[in-house]
Amino acid sequence: MAGKILSQYSKSQEYRLRDFFRKRGLNAERVPLSGAGLEKGDVSVEDGLILVDTKSTIGVKSISIKREDLEKIQKDAGEENLGLITFTYKSQREIYVVLPLSKFLDLIIDKIKDIAKKRKECYNKVAQIKI
């Protein structure tokens, strides 16, 4: 019985994740029978550009992510695409994501550099102000 409940909850989280991407303007689909067919992952975004494997817990305060799961989603996604593992706790609405640090930095590096540049320009302008 517990297995069936977790299975239903996991499926609902896959739909929730799909809808999360869709609300942000991305084409996302839940992969039926994920892993069993040609398509891999639980949710595919923009035709596999992002491949997501979801993990869920019911009434548990911690979750374990196996290295083999991390390696598998990266392999299934391919070198040029992004493989993610997401997880949720039943008592929370927040969705958390796990991905390699190098992929994360690839995604945000330009944004960080832009913010740092604007901050430096701002500091320089403040330093030029004469009182």
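View A. Tyr-96 is partly exposed, with a relative accessible area of 32%; buried denotes under 20% relative accessible area, exposed over 50%, and partly exposed the range in between (1.4 Å probe, protein chains only). The model is predicted: local features need pLDDT of at least 70 and side-chain atom pairs count only at pLDDT 80 or more, whereas totals for chains, interfaces and linings use all residues. Residues are numbered from 1 along each chain as its sequence is written, and side-chain values use heavy atoms, with hydrogens and water left out. The structure holds 4 aromatic pairs; rings of Phe, Tyr and Trp (its six-membered ring) pair if their centres lie within 6.5 Å, and planes under 30 degrees apart count as stacked, over 60 as edge-to-face and the rest as tilted. Phe-87 and Tyr-89 form an edge-to-face pair, at 5.8 Å centre to centre with 90 degrees between the planes. Tyr-89 also pairs edge-to-face with Tyr-96, at 6.3 Å centre to centre and 65 degrees between the planes. Phe-87 is buried at 13% relative accessibility, and Tyr-89 is buried at 18%.

**View B. Salt bridge between Glu-14 and Arg-30****.** The structure holds 7 salt bridges, each defined as a side-chain nitrogen of Lys or Arg within 4 Å of a carboxyl oxygen of Asp or Glu. In the bridge of Glu-14 with Arg-30, the closest N and O atoms are 2.7 Å apart. This pair links distant parts of the chain, with Glu-14 in helix 1 (residues 2-23) and Arg-30 in strand 1, 16 residues apart. Helices (H or I, at least four residues) and strands (E, at least two) are DSSP runs, numbered from the N terminus. Glu-14 is buried, at 9% relative accessibility.

**View C. Salt bridge between Arg-18 and Asp-19****.** The side chains of Arg-18 and Asp-19 meet at 2.8 Å, N to O. Arg-18 counts as buried at 16% relative accessibility, whereas Asp-19 is partly exposed at 29%.

View D. A salt bridge joins the side chains of Lys-72 and Asp-76 (2.7 Å, N to O). Lys-72 and Asp-76 are separated by about one helical turn because they are 4 residues apart in helix 2. Lys-72 is partly exposed at 42% relative accessibility, and Asp-76 is partly exposed at 28%. Salt bridges with shared partners join Asp-53, Lys-55 and Asp-69 into one network. Asp-69 lies in helix 2 (residues 67-77) and is buried, with a relative accessible area of 17%. Leaving aside residues up to four places away in sequence, Asp-69 touches Lys-55 and Ile-85; contact means heavy atoms within 4.5 Å.

**View E. Arg-24 over the face of Phe-20****.** Arg-24 lies at 3.6 Å from the ring centre of Phe-20. A charge sits over a ring if NZ of Lys or CZ of Arg is within 6 Å of the ring centre and within 35 degrees of the ring normal.

**View F. Loop position of Pro-32****.** Pro-32 is found in the loop between strand 1 (28-30) and strand 2 (43-45). Pro-32 is exposed, with a relative accessible area of 54%. A separation of 14 Å lies between the C-alpha atoms of Pro-32 and Asp-47, 15 residues apart along the chain.
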